Amino acid sequence: MHNFIRLLRLCQPHAGAMLLGVFLTVLTVLANVGLLAISGWFLASMAAAGLAAAQMNYFTPAGIIRFLAIVRTASRYGERLVTHNATFLLLSEIRVSVFATLSQLNNQQLAMNRSADLFNRMQNDVDALDKFYLNVLLPMLVALVCVPIVIWIIVGFNPQVALVCLGALLIVGVGLPVLLSAKLSRTAGQQTECSAQLREALSDMLTGQRELALYQATDSQLAKCNAIQQNYNDLLDKRHGALGDSDGLSLIVVQLAMLGSVCLLVPLVVTQQIANVHLAMLSLFVLASFETVLTLPNAFIQLPVALSAAGRIFALQDTLTQSKQTTQSNTGNFVETSLIYEQKQAPEKTQYEPNEHNALESLKSMGLRLQNVSYQYASDPLVSSLKHKLPANSQHFALNDISFEIAANQNVALVGPSGSGKSTLVNLLSGLWPEQQGRISFEHDASNKSNPSNTCVINELSFAQRVQLIGILAQQHHIFDGTIADNLHYAAPDATHEQMLYACEQAQLGDWVFTLPNKLNTRLGSAGRRISQGQSRRLAIAQMLLRSPALLVLDEPTEGLDNHAKQAVMDAIIRAMRESTVLCITHDTALLRNMDKVIWLENGQVKGEGTHQELLAKYERYKELTTRI
Amino acid sequence: MKKSCTRGCKKNVTTKARPDRAQQMLLRGFLKRESASAAGLLRFSIALGTVNALLMIASAYLLAQSIHLVMFEGADLSAVSHFLWTLGGLILVRGLLLALSQRLSARAARNIKSNIRANLLAKITQVGPNFTDQKGHGAMLNTLHDGVEALHDYYANYLPSVAYSALIPLAILVVIFPTDWQAGLIFLFTAPLIPFFMILVGHKAEKLNQERWQQLAMLGNYFFDRIRGLTQLKLFDATKRELKQIAKISDDFRHATLSVLKIAFLSSFALEFLATISVALVAVLIGFRLFFGTLDFATGFVVLLLAPEFYLPLRKLGNHYHARLEGISAAGEMLEILQTPGNESQVMAEPASSALDDTSNNGSITVSGLSFTYPDSNEGIHDITLALPATGMMAFVGASGAGKSTLFDCFLGFYPQVISCIDAGNGPFSAADIPKWQQEIAWIPQQPTLFYASIKENIMLGKPNATQAEVTIAAEKAGALAFIQSLPDGFDTLLGEQGEGLSGGQKQRIALARAFLKDAHILILDEPTAHLDSATERDVQRAINEHAKTHLVLVIAHRLSTLQQADSIFLLEAGRVVQQGNYQTLSQQTGSFKQLLNSDTQAGAHA
C-alpha cells in the first residue's frame, strides 16, 4: 500500500493527462453500455408500438443510437492517444528519477562492478513501472467511476437487479482477479526462478559445448535442460490453467447475472410493475455493464508485479536518502565522500572557489602523493556480493598503509598480481569509492612540501573538480550506443570537430575514422557498428586526450588485446603520456620499459619501487611477474 | 577462440528489418510444420472454442425467445422456465468449454515449444561449437530461451483466433440467414469491409505502428545503455548532462510518437467504427421492421444479440497481431539455425575401435600434415607435423593469431574433418573415434566454463563416479582446496552465472581440479596469464610439472618459467611450426624464438 501511494505520487505531475485519459475511457465504456441498452429498448418499443399500431417518436432513439456509436468510436480513438501520451509522460518521469537515483549512489552502494544482474533486474522493473498507468491505474479508476454510474441507473429501474449486478461485477472485477493474482504470484516466483535456471542451463550448454564434448557430458547436460524445461512447463501449465479457469468462471458469472436479472424481472413484467420494454433493455444493460470491469483482471494480475518493481526501485531511493542524512549528521566522517555529488562544506569550498580556475590550472603540472592509505572491505550488506571474493578472515586490508609519490609529469607503472590492491587504488582515486584511511593529495612540487598552498588534498575537492583533474581509463570502459562524436562529447562536451579529429589521430584512430563513410558520425554500440577491443581502447584514449587531465590513470590498457591492436594502443598511450602525470597499471613489458618508475604492489603493500630494469635485476619474483610471452 | 559476449547482452532488442512477404510465407510455413507435433491438441482446442460459439448462438435464441414470450405473449416465469433452465445449463457448459479450450491451446503451445527447443539443441550439438562461436553465444541463447518462449502467444492465441475469425462469423451467418436474410446481408457485406479497411488503412498504419515499437525499443536501449555505462558517465562527470538528455529524448520521443500514433490508431479506429456502426445500423433497421410488423421481436432481438459477437473474433484477431509478428521474427532465427548444414560425419555410427590401446604402442602420438583454415578467412594452420612422446611437457608459443588455439581445437577433435591427421599408434583416427579419443584428454581452456551447479558437481564432471576423497585430492592438487573449504558451503557451494562470485584464479583452479580428477593420458591447457596470485601460481605450476612426469601435457605458454621447464617447445608463426626444441637449444639459436624472448627479456638482460 505504501509503495502504491509512492507510485501515485510519482504520477502526480501528469495527473491532468492521466485524468483526461480516464474521462475518455469512461465515456467510451458508458457509450457502449448505453448503445446496447438503448438498442434493446428501441427494438422492444418499436415492436410494441408496431403491435399496438401506436405512433412513436423513433427519430430520437435512432438518433441517439447513431450518436452513441459515433461517440464511442471517437472517444475510443481519443482515449488511446491520451492514455499513450500519459504513459510516455510517466515513462520519462520514472526513467529520469531512476537515473538520478543511480547516478547519485556511489559504486560501492550499488556493488555495480560485480553485478550485471542488477541491470537486467532494473530493466524489468522499469518496464513494469512504465505500464503502471495503462495496465493498472487506468482500469481501476475507470471501474471506480463507471460501476457506481451503472449501478445507480439500474437501481432506478429495480434495486434487486442492481444488487445482483453489483455482486456479479464485484466477483468478476475484484473477487476472481484477486484470487487469481494470489494464485499466480505464488507460482510467479518459482516461474522466474525456473526460467532463470533454464537460461543458465542453456547458456552452459552453449558456452561449455567443447568441455561437455570432451567430458562426454553433452547428453547429461541435454537431459538437465530437458528436466528444467519440464519443470518450467509444469509451472506454465499451472499458470495458463488458472487463467483459463478464471476466464471460464467469469463467463459463467456474467451470464448467470443476466439470467438472474431476467428471472427477477419476469414476474414484475407479468404483474406489470415495470414496462415490458424494460425487460429487453435491462437484460442487455446488465450484460453490457460488465464492460466496465473487463480490464480489471489484468490490472489485478499486474498490480503485484508493479508494486514489487516499485519496491525495489524505491529501496534504492531510500538508500540515497539515508546516506544523505548520515552525511548531514556526521560531517567530517568518511561517509561524506560516499555521496559523490554532495557539495563540500563552505570553508573548504571557498579555498578554491574565488579563483577556482587558476587553482585548477596550476594543478595541471602537479604530482600525486599517497600517505598511509589503507582500505578495508566492509561487510556491508550492499557489498555482500563481494564476500565470496574475500578470504575467510574479514579483517582483510585491500590496501595496507600504502605511501608513494609521483612527481609532476612523471610516468609511473603499478605492477602486482591479482588481488594485490591495484584496482582498489584506482577506485579510490576515481572517487567512486569512499576513502577510509590516509591521505591522497596533489603536490605542486615534491621538494617544497612545507608550503601548504601547493598541496591539494583530493578528498577536499568537489567531485566535478576531481573528475576534471583525474582521468581514469577503467578496465570496463563503456562505449555508448551513439556516434563516435557522441562518445567523445561525453568526455569533453565543448570539443570542436577539429579537436575531436585531432584527438582521434593522436589516439591512432585517425586512419580508421577516415575510412568510415560517416566519419565521426558513425554509430557505435549495440545499435550501430561493432568495434574491436583495440578500437574501443583507443577511443577511450582519445576521450582522455580531449580532457587532458592532470593525472591520467590507466587500468591495464593493453590487457586482452592481440599483438597488432596492442601496438596501436601502446603508441597512443605513449603519446598521451607526454602531456600528463601518469599512473598505469600494466604487466606489459613494452609499456613498463617506457615508464619513469614502477611501483610493485603485493598483498596491498608496496613491495618495491624503481625502474623496470632495477626491479628486474633485483627481484626474481618481479621478473616472473612481468615476463609474459 | 574469439571471446564473445555470453550473458551480458541478454536484453539487446533486435531492431531487424521485417521479413518481406516471401520470407513471411516461408516462416509461417515453418511455424506450421513445427506445430504438427501438437496439431491434434490445437485442433481439439479450436473445436471446443467453436462449439462454445455455437452454444452462444443457441443461448441467444433461448434468451430472445424467453423475453419475447414474456413481453408480447404474456407468458409468466413458469411458462419460460424450461428455456431459462436450459439457458443456465448452457452457460455452465460454455464456461467449462472456454476454460478447457484455453487450457488445451496453452498445452499445445508448450508442447510445440519444447519440441522446437529440443530440435534446436540437437542441431546445435550436431553442428559443433564453432557454429555457436560464429553466431555469438548471446544471440543463440536468446533464440533458445526467449525466442522459443515468444512462440507461445503465436500458437496459443494467434493461431486459434485466426480460426475463430473465420469459423464464428460463418456460423452466425449460417443461422442468421434462414431466420432473417436481410440482417444476414448486412453482416455479409460489412464483415469483409473490416479486413478490407484494415488492409487499406492498416498497411501504412501497421508499418508506422511497427516503427513505433522499434523506436520504443531504441529508447529503452538508449536508457539502459546509459545505465550500464553509469560508472563511465560518473568518471566524465556527465551524469547531470545525461539526465537532461534522457528527459529530452523521452520528450522528443513522446512528441514524435504521438504524431505517428494519430495515424497508427486509425486502423483500429476504422475497425471499431465499422463494427459499432454496423451494430447500430442493424439495430435501427430492425427497429423499423419491427415497427412496421415485418419481423417478430424474437428474431430482431437475436440479431441484436449476435451482432456484436459477429464482429468480436475479427476485433480479437487485431489484438493478437503483435503475437504473429513476434512469432515470425523469432522463427527467422530458428530456421537459420535448423537449416545449417550439419557435420553428418560427426554422427557416430558405431563405438570406436580401441584406438588408444596402450598395449599396441608406447603411447606416443603423431600429427602429420594437419591443415585447417576457417571457412571465411585465411587464418588457420598449415601442414603441421608433430611427434609427441607419451609423457612430458610440450609448450606451444607464438603471437596471438599464430594458430595455437586452432591447433589445439583440431587436436581436441572439435574439427572432425581433420581428425585423420592424428594417429595414436593404431593408424589414423576416423570421426567415429573422436569420443574415445576425447576420453583420453583433459582440457582447460583459457576461460573455462563453470556450470550452474555445485563446486563438487563441477569438479566431478571429470569423473562422474568419483568419491569425495578423490575430489578433495584433485582440488588440493589444483590449489583449490583451501579456498573451497573457506566457503560457508564448501564443496556444495552453488555456482551462479559463469561462477559468479569466484575470482578468475579460483575458476581456473576448479577447472584444473576437474582436469586432474579425470586423470586422462593427455592434459591440454591454455596457461592462465594474470588470474593467479603469486603463492597459488607456484603451487599450481608445481602440480602441473609433477603431472607432466607421468602424463603428456600440452600447454599454450605465456610464462618464461613454463618455457624453461618444458621438455619441448614448438614455436608457431602464421599457422606453421617454425622452430622446435628445448629452451636451451632454442634460446641459443638465432631465429624467431630468440627474437620473441628478447622482446620480453632484453630489459632484464641489459640490466
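Six salt bridges link chain B and chain A, counting a side-chain nitrogen of Lys or Arg within 4 Å of a carboxyl oxygen of Asp or Glu. One of them pairs the side chains of Arg199(A) and Asp146(B), at 2.8 Å from N to O. This is a predicted model, so local features need pLDDT of at least 70 and side-chain atom pairs pLDDT 80 or more, while totals for chains, interfaces and linings use all residues. Side-chain values use heavy atoms, with hydrogens and water left out, residues are numbered from 1 along each chain as its sequence is written, and chains are lettered from A and ligands numbered from 1 in the order written.

Helix α9 of chain B (residues 239–291) supplies the largest share of the side touching chain A, 31 residues; helices here are DSSP runs of H or I, at least four residues, numbered from the N terminus.

As for extent, 162 residues of chain B contact 156 of chain A, meaning heavy atoms within 4.5 Å. The two chains bury about 14,400 Å² between them, 66% of it on carbon and sulfur atoms (accessible area, 1.4 Å probe, lost on being put together and summed over both). Lys234(B), Phe236(B) and Phe291(B) lose the most area in chain B, together 6% of what that side buries.

Terms used. Helix = DSSP H or I, 4+ residues; strand = E, 2+ residues; numbered from the N terminus.
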